Structure formats: C-alpha cells, structure tokens
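Please read these notes with the model open beside you.

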Amino acid sequence: MSDNAASADKHDHGDGHGDHGHGDHSHGVDFYYKTYAVLLGLLVISVLGPEVGEATGLQIITLITAFGIAVVKAGLVIRNFMHLTLEKRFVHYFLITSLAFMFLFFFAVAPDVLNHEGSNWVNEAAIAHIERVQEEQAAGGGHGHGGHDAGGHGDAEHHEGGHDEGGHDEGGHH
Amino acid sequence: MIQFLLPQASSFAADIDNLWVLMSVIVFFWFICAEVMFFWLLVRFRYREGVPAQYVTGNEKHLKRWITWPHGLIILCDIAIIVGAVRVWYDVKQDLPEPDYTIGVMSQQWAWSFEHPGPDGELGTDDDVRTVDDLHLVVDKTYHFKLRSRDVLHSFSIPVFRLKQDAIPGREITGWFQPTKTGTYDIQCAEMCGIGHGIMGARVIIETPEEHEAWLASGGN
Amino acid sequence: MSEAAKVDAAHHHDDHHHHEPTFTEKYIFPLDHKFIGMQYMFTGMFMALFGGFFVYAFRMQLAFPGMSVPGFGTVSPTEYNMLITNHGSVMIFWVAMPVLIAAFGNFLIPLMIGADDMVFPKLNRLSYQVFLVSILILMASWFVEGGGFGGAWTSYPPLSADASYSMTPLGSSLWLLAVAVEFAAFLIGGINFITTAMNSRAPGMRAKDVPMTVWMICIASILFMASVGPLIAGAIMLFFDQMIGTGFFDPKRGGDPILWQHLFWFFGHPEVYVVLLPACGFVADVVTVFARKKLFGYQTILYTAIGTGVLSFFVWAHHQFVAGIDPRMANIFTVTTVLISIPIAEMMFLFIATLYGGSIRFTTPMLWALGFIGEFLIGGVTGIFLGASGMDIYFHDTYFVIAHFHYTFFPIAFIGTFTAFTFWFPKMFGRMMNETLGKVHFWGTIIPLNTIFIPLFILGAAGQHRRIYNYNHFPDLATPDLQALRVIATVSLLVLIAFQAVFIFNVIYSMFAGEKAGPNPWKSNTLEWTTPSPPGHGNWHPNDMPTVYRGPYEYSVPGREDDYWPQNEPT
Amino acid sequence: MSFKPIATTRSATGVMTAKLAIWWLLASEIVIFGGLLAAYIMHRIGHPEWANYAVHTNTMLGTLNTFILLTSSLTAVLAHHAAEQGDGPKAARFLYMTIGGAVGFLVVKTFEWSNEIAHGYTITANTFWSFYYTAAGIHGAHVIVGALCMLWVASTARKNQELHRVENVGLYWHFVDLVWIFLFPLLYIAK
C-alpha cells in the first residue's frame with residue numbers, strides 16, 4: 001500500500017494529478033482541437049440531415065443522422081475528453097449498468113405508456129386526444145395555434161371531468 | 001382455506017383458492033424446515049462450558065450440500081409456483097371467454113355507477129338500467145365488464161369473486177367474471193381515492209334469472 | 001506507510017488539534033463521522049416517535065371506530081388518510097433509511113475499514129443538514145391549510161397531482177418536496193459511503209476482508225443511487241403538475257398516470273432491498289460474534305446480496321399487477337419476482353448455517369439478530385404469494401399485503417436497528433447496556449409483533465382492504481369476529497409501544513450509569529473494536545492507523561488460545 | 001487551512017477519491033436524465049401529433065447552443081491539459097472561458113424561451129412543451145451548478161492549488177455537454 005502513501009504525499013502539495021498511475025495518457029493539445037473539429041463537422045451533418053430527410057421524404061435519414069450522430073458525438077466526448085478508456089474497468093461497468101437499467105425501464109414501461117391499447121385495455125383518452133389535436137392541426141394548418149389550443153382544451157375538459165366526450169364535439173373550438 | 005373466511009362466488013374463485021393451497025404447501029414446507037433447523041441449531045449449539053466452537057468456512061462439501069440442495073429444490077418449487085400463478089392469471093385477466101352480457105362500471109369519487117343491459121341483453125341501447133352502488137347479476141352467466149374512472153384511480157374489487165382491477169381515468173379496461181352463487185356481497189374500492197375512500201363501497205346482488213327479470217321489469221328499483 | 005505519509009498525517013493531526021473544537025463545532029455542526037452518525041440516529045429515532053404516534057391513532061380508530069382517541073381526538077377520514085400516508089412515509093424515508101444506512105453507515109464504515117473519517121466530511125455534514133431541512137418541510141406539511149397529504153405513500157396521480165381531488169393543495173406539494181429533498185440528502189450521503197468503502201480501506205484490507213456490514217451498506221447505497229433517478233425526475237414532473245398545472249400525469253391532456261406508477265416503483269422496489277441489506281449486514285456481524293463462528297460462505301452471502309440487488313431492478317411491476325398495466329407484462333414480472341426468492345432464501349439459509357457448530361451466547365444483540373432471522377422468514381415467504389400474479393389478484397391491497405411488508409419492514413427497520421444499536425452501543429458511548437432490561441424489551445417487542453400482524457394476515461385473507469377508516473361501511477367486513485381480530489392487533493400494538501419505553505429508559509440509563517466497556521467487550525475481530533470506546537477524533541492515532549492481515553470472521557481458529565483473532569493483529 | 005482526513009488521501013481502487021465520487025455522481029445523473037428522457041421518448045413515439053409541436057422549436061438557436069457547449073467542452077479539456085502540466089493560472093483561464101460558454105448558453109436559452117413563451121408555447125400549453133421545458137430546465141440547472149463549481153475550482157487553481165479538481169469539474173461539465181448532445185436531436189432535430 002505504498003501507493004496510498006505516495007498519493008497522500010503528492011496530493012497535499014497541490015499537484016494531485018501527477019499520480020494518476022495509468023501511465024502516459026497526456027494527449028497533445030492538437031488532439032483536442034482535432035476532436036473538436038470532428039465534433040463540429042458532425043454537428044453540421046446532424047443539422048443538415050433532416051433537410052435531406054425532408055427533401056427525399058425518407059424519415060429514416062433524419063433519425064439516423066439525428067441519433068446516430070448523437071451517439072458518435074457522445075462517444076467522442078467520452079473517449080477523447082473524459083478519458084473514460086483510461087479509467088479502471090469497474091467505472092465502465094457501473095456507468096454501463098446505469099445506462100442498461102434505463103433501457104430496461106424504457107422497454108418495460110413502453111407497453112403501458114407508449115402503446116395506447118393492449119391486452120383487454122384501451123387508452124381512450126390518449127387516442128381521443130391525438131385525434132382531436134390532429135383534427136385541429138389539420139383545420140388550423142397545424143402551425144401557430146397548436147400549443148395554445150391544446151392547453152385551453154385541457155383546462156376546459158378538466159372542469160367538466162367527463163370521460164366520454166372525447167372532444168369531438170369541440171373540434172371547431174378555434 | 002380462504003373459502004372458510006369468505007364464500008367463493010365466481011367460477012375462478014376456486015382456482016385462486018387452490019393456487020393459495022398449492023403455494024401454501026410449498027412455502028410453509030420451506031418455512032417450517034428453516035425454522036425447525038434454526039431452533040434446533042440454537043439449542044444444539046448453545047454455549048456450554050469447555051466446548052469450543054468449530055472452525056467451519058462453508059466450503060466443506062459435506063456441509064455445503066445443506067445449502068446447495070435446498071437451493072436446487074427451491075428453483076423447482078419456484079417453477080411450480082410460477083406455472084400455477086401464470087395459469088390462473090391467464091384465465092382471469094388475459095383470456096376472456098365469450099360473454100353472455102356486458103356491463104359498464106364507472107367509478108368516481110366516491111361512488112360506483114353500473115350500467116346493466118336491459119331486457120334485450122345488449123349494452124348501449126336505450127333500455128339499459130343504470131344504478132349507483134348496486135350491481136345486479138344473474139347467476140351462472142358470463143359477464144364482461146368495461147371499467148372506467150371519471151377522476152382518479154379506483155379499484156374494482158369483489159372479494160367473493162377473488163377479483164380486483166384498478167380503474168384508470170382515460171382508460172377502458174375489460175375483464176370478466178361468472179357469478180356462481182346467489183346472494184348479496186361487498187364491492188370495495190381498493191385503491192386510495194381521496195377522503196371518501198373509506199365509504200366507497202357497493203353491493204353486488206347475484207340473482208336467479210327470474211329474480212333478475214323481475215328486477216329489470218320493475219325498472220331497476 | 002512510508003515516512004512521508006507519517007509526517008504528513010502527523011501534520012494533519014497537529015494542525016487540527018491546534019484548536020479544540022467548540023461545543024457547536026463538535027455537536028451542532030460536526031464534521032466527525034461518528035457525531036454525524038449519532039445525529040442521524042437520534043433524528044431517526046425521534047421521527048419514529050411520530051410514526052408510532054400516527055399508527056397508534058389510526059389503529060385505535062380501526063379497533064374502536066368513532067371513539068375519541070386519547071391524545072388525538074376523533075379521527076376524521078381526512079385525518080385518517082393523512083395518518084396512514086405519513087406513517088408510511090415517515091417510517092420508510094425518515095426512520096428506516098436514516099437509521100439503517102445513514103446512521104450506521106456513517107458510524108461504522110470508517111471504523112470498520114480502518115479510516116479516520118469519511119472521505120468528504122463536509123459533504124457528510126451537508127447531507128445531514130439537507131436531511132434536516134426535509135424533516136422541517138415534512139412537518140410543515142402536517143400543519144398547513146387543508147391538512148397533511150393523504151394520498152398514500154405511493155402518491156398516485158391524479159389524486160396527488162390535483163388539489164381538487166385530494167383537497168390538500170399545500171400538503172401534497174410539501175410532502176413531495178420533502179421526499180425529494182430527502183433523496184438529495186441520501187444521494188450525497190450515498191456517494192460518500194460508496195467512495196469511502198471503495199477507496200479508504202486500511203492497508204492490507206482486500207475485498208474479502210471487508211466486514212459484511214460495510215459491504216451491505218455499500219451495495220444498498222449503490223442500489224439507491226441507481227434506482228432513485230427516475231423517481232427524482234418523476235417527482236419534478238409531479239411537482240410541476242401540482243404547482244404550475246402541467247399535465248404529465250393527466251390523462252385528459254395526453255399524460256399517463258401509469259407512468260408515475262412505473263417511475264415510483266422502479267425506485268420503490270429496490271428501496272426495499274436498500275433497507276434490507278444493511279440489516280442483513282448487522283445480523284451477519286452479530287451472529288458471527290456471538291456464535292464464535294466464521295461466517296458460513298462469506299463469498300456466497302456476498303453473491304446472494306449482489307444477486308438480490310441486481311434482480312430487484314427487474315421486479316418492480318409486481319406492485320402494479322392489477323393497477324392497469326398490460327396483463328402480458330405481469331407474466332414476465334411474476335417470473336422475475338418469484339426468482340428473487342432464490343438468492344434471498346439462500347442468504348437466510350447461510351445465516352442459519354452459520355449457527356452450525358457454534359457456541360451460541362444469547363446476549364441481547366444476539367437475540368435481536370436471531371429474532372430478525374426468525375421473523376423475516378415470515379415476511380419473506382408471504383411475499384411469494386404477492387409476487388405470484390394469479391394470487392395477487394386477490395391479495396393486492398388487502399391487509400395480507402400490510403401484514404407481509406410489516407413482517408419484512410419491522411424486522412428490518414426495528415429489529416435490525418436494535419441489533420446494531422445494542423451491539424455497537426458500547427462503542428458509541430463507552431458503556432454496556434443493561435442486559436436484563438434489554439431482554440425484557442426484546443420479548444416485549446417480539447411477542448406483540450406477532451400478535452399484531454398474524455391477525456392482519458387473516459383479515460387480509462378475509463378480503464379486508466387497506467386504507468379504509470371504518471369497516472362498518474362494508475357489511476361483509478363488519479362482523480364481530482373480524483372486529484375482534486382488529487382489536488387484538490390494536491391492543492398488541494399498545495403493548496409493543498409501551499415496551500419501547502423500556503428501551504428508551506435503558507438507553508438513557510446505560511449511557512450515564514452503565515457498566516464501563518473496554519475497547520472490545522464482545523471479543524470481536526473487526527477493526528472498530530481495536531480503538532478505545534468511544535473512539536476519539538480520528539478514531540486511531542494518526543501514526544498508528546490499523547493494518548489488516550486477515551478476514552473479519554476468524555473466530556475459534558484451531559490452535560489459537562483466544563477464540564478470536566483481530567483483523568489488525570500481525571500473524 | 002482546511003482539514004483533510006487521511007481517508008481522503010487513500011486510494012485502494014487506484015482511482016483518486018474525488019474522481020471516483022464524480023463518476024458515481026455521473027452514474028446517478030444518468031438515471032435521473034434516463035428516467036425523464038425515457039418517459040419523453042415513450043410519449044413522443046406514442047403521440048404522432050407532437051411532430052407539429054416540435055416544429056416550433058428553434059433549430060437555429062439549438063444548434064448555436066450545441067456549438068457553445070461543444071466549444072466549452074473543448075476549453076474544459078484544455079484546462080485539464082494545462083492542469084496536468086501544472087500550469088494553474090492557465091487552467092483557470094480556460095475554466096473562465098468555459099464559464100463564459102455556460103453564461104452564453106444560458107443567455108441564448110433565455111432569449112429562446114422568452115421568444116417561445118411570447119408565442120404562447122408555455123410549459124402548460126401541452127405535454128410536449130411540458131417535457132421540453134422540464135428536460136431543458138433540469139439540464140439548465142446543471143449548467144448553472146457546473147458554472148458555479150468551475151468558478152470555485154478556478155479560484156483555487158489560479159493559485160496552483162487543488163489542481164486535480166480541474167479534471168473532476170471537467171468530467172462533470174462534459175457530462176452536461178453529453179446530455180445536451182442527446183437533448184438536441186430529441187427536442188430540435190427529430191421533427
């Protein structure tokens with residue numbers, strides 16, 4: 001445990017970083033600038049992606065550029081800026097575990113929340129809500145009023161407290 | 001066992017009570033084993049002058065098997081429990097048989113309102129009978145219920161049916177039951193729903209077909 | 001230790017002792033982990049008085065509906081809901097967690113791993129202060145306009161989200177805020193525990209030389225950290241729903257009340273193991289000392305603890321089987337839930353097996369530890385009924401559930417605490433507790449415990465639901481037989497509460513007039529017993545920090561004169 | 001002179017204590033944001049009508065903010081580099097630049113939000129906007145906390161003290177950047 005002693009010693013003299021103990025990982029400044037340049041390049045692509053997606057009508061391009069590039073960017077930041085690759089193995093494990101639990105959470109909750117119907121149940125309110133808003137959006141051009149009106153409806157309905165009006169009769173509200 | 005405390009009044013009540021017996025046998029077997037072993041060890045290895053404790057690490061084969069064998073057996077017992085539980089669950093909640101009648105159940109703070117099909121046997125027609133806090137059923141008929149809530153979460157629980165289902169505002173949840181015994185029993189709300197949760201009870205009245213027709217003929221009074 | 005480190009350490013020491021800490025520095029705003037631990041412990045026990053008072057009031061109402069409860073008055077439905085809600089939240093969040101994890105974690109982790117303090121003493125102090133703020137917020141919520149929150153500790157929206165449903169506009173928001181602030185306190189504390197246990201072990205202490213208590217508190221803190229996130233996010237969402245009128249959980253505006261249930265139980269189930277594991281750790285340490293035995297299968301116990309912890313993330317929806325989730329999902333969660341019985345049963349078996357070949361001394365701490373094993377088994381086996389979906393249709397939200405989880409939580413929160421408290425009392429205050437009073441307290445607690453909750457199992461099987469203030473409204477439940485069971489439970493509760501006075505008296509009496517304890521009254525191996533009782537500031541002299549040579553459970557090693565072998569004794 | 005326990009100076013795992021604590025902190029942050037974003041994604045996929053709300057988010061300002069945060073991440077890592085070389089004042093300078101990035105981010109955010117609120121897209125307008133403000137708001141709170149921490153770290157680093165803190169606060173800052181990297185496509189790009 002002479003490690004402890006050594007680190008204790010250096011630590012107190014203010015250059016706590018010297019005792020990193022993973023050998024050489026001091027990337028040059030150039031390396032950081034290069035990473036930064038790549039990140040900016042990816043940012044440009046991720047912004048242009050949806051334009052291409054819209055132009056070609058392929059939504060998949062939007063999704064891939066948006067989220068694929070987010071993952072790549074995140075990987076670059078984690079690897080080159082946070083130096084996770086130089087960290088002890090167990091750090092990887094607990095970070096990955098937290099992330100894995102979130103995927104678990106998503107996939108276990110999605111059948112109830114993402115879906116609006118399932119085995120012997122129907123989320124009538126959500127279906128009615130979507131239909132009503134989409135009708136409004138179609139009627140009102142979809143732009144400009146969406147936010148406002150949905151809020152108004154919410155409140156109005158709230159006080160009525162009914163379940164089955166579904167909102168169809170309020171279609172022409174605005 | 002549960003039937004001695006509360007009658008079985010639905011077709012699947014006996015299944016659930018039998019599942020209880022199956023699980024009790026398995027679970028109490030292990031419980032008794034563990035407690036007997038526990039108390040025997042306490043008595044057998046109590047402190048006695050001049051008798052030192054043994055040095056046992058837990059890796060000795062002849063001792064370790066006292067852990068590994070129960071371990072394996074518990075897995076087998078777990079499988080039995082899972083199979084039993086899932087079968088009952090599937091019958092009660094997932095696989096709905098064709099209904100004779102459908103009823104509507106609406107919960108709100110703090111009352112139950114029921115929609116019964118009228119003489120024509122169809123729900124959603126003009127002759128439907130609406131009641132508050134009284135559910136009239138015909139014995140030995142299969143029912144679907146459409147459960148909804150007007151405001152907050154409630155839970156539609158009929159203990160004699162061994163049935164329980166939460167009502168979620170905005171959702172319509174379908175379930176089934178088949179009453180098998182005439183009589184009048186409790187319906188309780190089983191999910192916290194505010195100040196009046198404690199009084200949110202209703203009665204289920206299971207009638208013979210004749211009685212039910214008479215009730216319908218009287219306009220549901 | 002190298003020369004440099006010694007000088008360094010001495011430097012620290014001198015530096016600190018230039019000024020003796022004043023009373024305020026030592027007791028009001030301490031940095032010393034032992035005092036922060038005490039603060040947590042006595043705050044938690046103080047909160048237990050409130051939790052106990054609440055249960056007294058509403059149990060009296062259930063046994064004798066409509067009567068004026070002495071010390072409270074008649075219990076209205078609103079008050080009844082407030083009492084059960086706050087009984088649950090106080091006992092779990094403000095009693096079990098601070099006492100089991102924060103108090104004993106603070107007190108024991110540095111002592112058991114041979115460190116002089118937690119790694120971040122100031123964060124530690126901050127954690128307690130944040131915790132104290134959460135208590136003030138909670139207490140405020142009981143007295144505001146409209147009364148305290150009464151939507152059950154699960155706080156399901158829309159009831160909790162909308163004041164027009166709950167009628168407690170301020171109570172529910174303050175309650176939620178208090179819970180969120182409390183989580184922040186434990187996140188800060190938890191990171192401190194984990195880092196301390198991982199990094200500050202004494203020289204020579206390998207992973208398998210760490211006492212079970214430290215392992216368990218560490219695993220529990222990790223579980224807490226990994227599970228609480230969604231609920232923190234959910235609490236913010238629910239708070240916005242309450243305060244500024246967003247619609248995250250409002251079905252009429254595209255929200256979904258089921259989402260809250262998932263966010264809540266994703267935390268709520270691991271939370272059970274967060275409090276269970278530390279109690280298991282205490283039991284492991286106490287049983288080995290008084291059986292003079294090595295722990296039976298140290299590594300296996302560790303694996304079962306980790307296995308339980310990991311599996312606990314896969315079971316949460318068994319709280320929601322009939323709560324409107326898709327019935328197909330229930331099948332998956334039944335499998336995972338029933339499987340969790342394997343590691344936890346194995347852990348209990350290993351504790352029982354540790355008794356084999358021992359030389360068992362029935363001191364008060366040992367009685368509590370054995371009581372934990374015996375009682376927790378009941379809670380464990382009855383849980384299987386509730387985890388099996390088919391059975392849960394009937395038992396969900398009945399008194400069977402209440403009896404089940406009190407048979408787990410009472411052993412965890414109270415028996416576990418009494419185990420640890422009576423065992424480490426000599427270390428905390430330098431005096432022994434009175435054995436006779438301790439045994440009276442033990443039997444006066446264990447017997448009523450069973451006579452409270454066994455009737456509740458029967459009531460649950462008879463179809464009695466929770467959270468109902470007066471069963472006379474339900475003809476099937478208003479029978480004299482069932483009422484008799486309710487009265488038995490309530491009377492037993494009164495007996496149990498009365499016997500806690502013995503404990504309180506014993507603590508105060510022993511603190512000042514108990515027999516003086518030496519550094520190691522129980523002849524135990526672990527490091528905390530190698531320093532004076534109570535330990536001074538820094539626990540050991542800085543030049544004499546312990547070094548570890550062996551595992552913590554080397555009792556009755558053949559060929560040695562003593563039947564114990566302290567961890568720091570050179571071979 | 002603050003008192004530092006011997007415990008803090010030990011490192012049985014080989015990772016320095018403060019850094020280990022930061023990694024655990026980040027693990028707990030992952031689940032906080034994870035829970036929120038999982039809930040958002042579920043709603044987003046389940047509610048096709050949200051596409052029409054998302055149109056109103058300002059991609060230009062979102063991109064600008066991404067650019068600001070990426071740049072501040074660069075300066076944070078440069079500060080770490082300078083600290084590694086033992087050059088405290090230089091590290092502090094880079095940290096001040098990072099704080100500048102944080103302030104810039106918040107200024108853009110304020111402008112963006114006030115514009116949106118003026119158009120009626122408030123947090124209560126509908127659930128999309130509720131999620132939008134909540135997610136970005138929690139992230140914004142992290143930005144503020146990060147800036148304050150960096151201010152504190154820079155004040156000691158300037159005097160060549162406690163230089164290891166530069167890397168630790170940098171790790172936290174990179175994480176804040178990472179969250180934004182995912183929020184950006186979720187809230188702005190995918191329409």
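1. Lys523(C) sits in the segment after H17 of chain C. Helices (H or I, at least four residues) and strands (E, at least two) are DSSP runs, numbered from the N terminus. The phi of Lys523(C) is near 55°, positive in a residue other than glycine. Lys523(C) counts as partly exposed because it has 14 C-beta neighbours inside 10 Å. By that scale, a residue is buried if 20 or more other C-beta atoms lie within 10 Å of its own, exposed if 12 or fewer, and partly exposed in between, with C-beta atoms placed from the backbone.

2. On provenance: this is a predicted model, where local features need pLDDT of at least 70, side-chain atom pairs count only at pLDDT 80 or more, and totals for chains, interfaces and linings use all residues. Residues are numbered from 1 along each chain as its sequence is written, while chains are lettered from A and ligands numbered from 1 in the order in which they are written.

3. Asp140(B) has a positive phi too, about 65°, and is not a glycine. Its place is the loop between strand E4 (134–138) and strand E5 (143–149) of chain B. Asp140(B) is partly exposed, with 15 C-beta neighbours inside 10 Å.

4. Check two cis peptide bonds in chain C. One joins Pro157(C) and Pro158(C), with omega about 0°. Pro158(C) lies in the loop between helix H5 (121–143) and helix H6 (163–166) of chain C. Another joins Ser533(C) and Pro534(C), with omega about -15°. Pro534(C) falls in the segment after helix H17 (480–513) of chain C.

5. Which chains share the most contacts? Of the five pairs of chains in contact, it is B and C. Residues are in contact if their C-beta atoms, placed from the backbone, lie within 7 Å. Chain B gives 76 residues and chain C gives 82 residues. On the chain B side, H3(B) gives the most, 18 residues. That side divides into 47 nonpolar (Ala, Val, Leu, Ile, Met, Phe, Trp, Tyr, Cys and Pro), 17 polar (the others, Gly among them) and 12 charged (Asp, Glu, Lys and Arg). Chains B and D do not touch; their nearest C-alpha atoms are 15 Å apart.

6. One open sheet has seven strands, in the order E1(A)-E2(A)-E8(B)-E5(B)-E1(B)-E2(B)-E3(B), with mixed pairing. Two strands pair if DSSP finds at least two bridges between them. The edge strands are E1 (117–118) of chain A and E3 (129–132) of chain B. E1(A) and E2(A) run antiparallel, joined by two bridges. Gly118(A) has Trp121(A) as its bridge partner in E2(A).

Technical notes
Contact = placed C-beta atoms within 7 Å.
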